[in-house]
Amino acid sequence: MNMDEFTKVTDKYHFKCTSCGRCCTGGQKVFLNLYDLFKLGRYHKYESSRMLFDAWRVVLVKDQNQAYLPRIRFKLKPFQFCPYLLNIDADPDTFRTKCSLHPDNKPLICFLAPLGRVIDLDREIDEYLYINPAPDCPGIESDKENMLSAAVSEFEQELKFQYRFFKILKKAADNELSRQAYLEDIYYFDLRQDFETILAGKENF
Ligand code: SF4
Ligand code: SF4
């Protein structure tokens, strides 16, 4: 993805989600940070985040920066879609969907859309770009005004967790961790612990 193609959001932006569900289907990629894994594991009542991988709910994929990231595994039949997507109204005229993880367990990337956060620790960049959630997302046509500052304030704690996660990823890249080491040192953890304890442990891997 070439970040130069996207508009930087400094505060005001226009958007209103219509719950059409298009960004939850097809080739969309839902990457998870450590706190997302924590929420998802607890949602499934697992004792360990490892069970998300063992049950193939989450897969580990290499991103463009060669880091291994967890991603929700979409179902492939009868079409590609996120397994947490619920169809709440099948009428084609009023078709609407709902995320079964909303609001308490929804991944941050889904909450923030159309804002895409870009963190580059080497260049000290932490900014937001306007990224269409799906190629045919109707939400981008809306003239509803939103403020970046409101979104940042609403998700303040999760954004801080995400920043710390990126620092862990940088350390992993600097140490050239293997795929297995990413799993064992970063993504596997005991879900019976509180998240701050888990995160602090991962920062010291
Ligand atoms: S494609 Fe756009 S309008 Fe549709 S659910 Fe996703 S964000 Fe909302
Ligand atoms: S987690 Fe929810 S919002 Fe995100 S892609 Fe899946 S159904 Fe859509």
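Ligand 2 first: around it are Cys 24, Val 30, Cys 82, Tyr 84, Leu 85, Cys 99, Leu 101, Lys 106, Pro 107 and Cys 110, where near means a C-beta atom, placed from the backbone, within 6 Å. This is a predicted model, in which local features need pLDDT of at least 70, side-chain atom pairs count only at pLDDT 80 or more, and totals for chains, interfaces and linings use all residues. Residues are numbered from 1 along each chain as its sequence is written, and chains are lettered from A and ligands numbered from 1 in the order in which they are written.

Ligand 1 has 13 residues around it, and those that come nearest are Cys 17, Cys 20, Cys 23, Cys 137 and Gly 139.

Now helix H1, residues 34–43; helices here are DSSP runs of H or I with at least four residues, strands are E runs of at least two, and both are numbered from the N terminus. Is H1 mostly enclosed or open? Eight of its ten residues are buried, so H1 is largely enclosed by the rest of the structure. Buried means 20 or more other C-beta atoms within 10 Å of the residue's own, exposed means 12 or fewer, and partly exposed is in between. The buried residues of H1 include Leu 34, Leu 37 and Phe 38. After H1 comes Lys 45, with a positive phi near 60 degrees.

Last, the largest nonpolar core: 21 residues, a core being buried Ala, Val, Leu, Ile, Met, Phe, Trp, Tyr and Cys residues joined through C-beta atoms within 7 Å. H1 gives this core its largest share, five residues.
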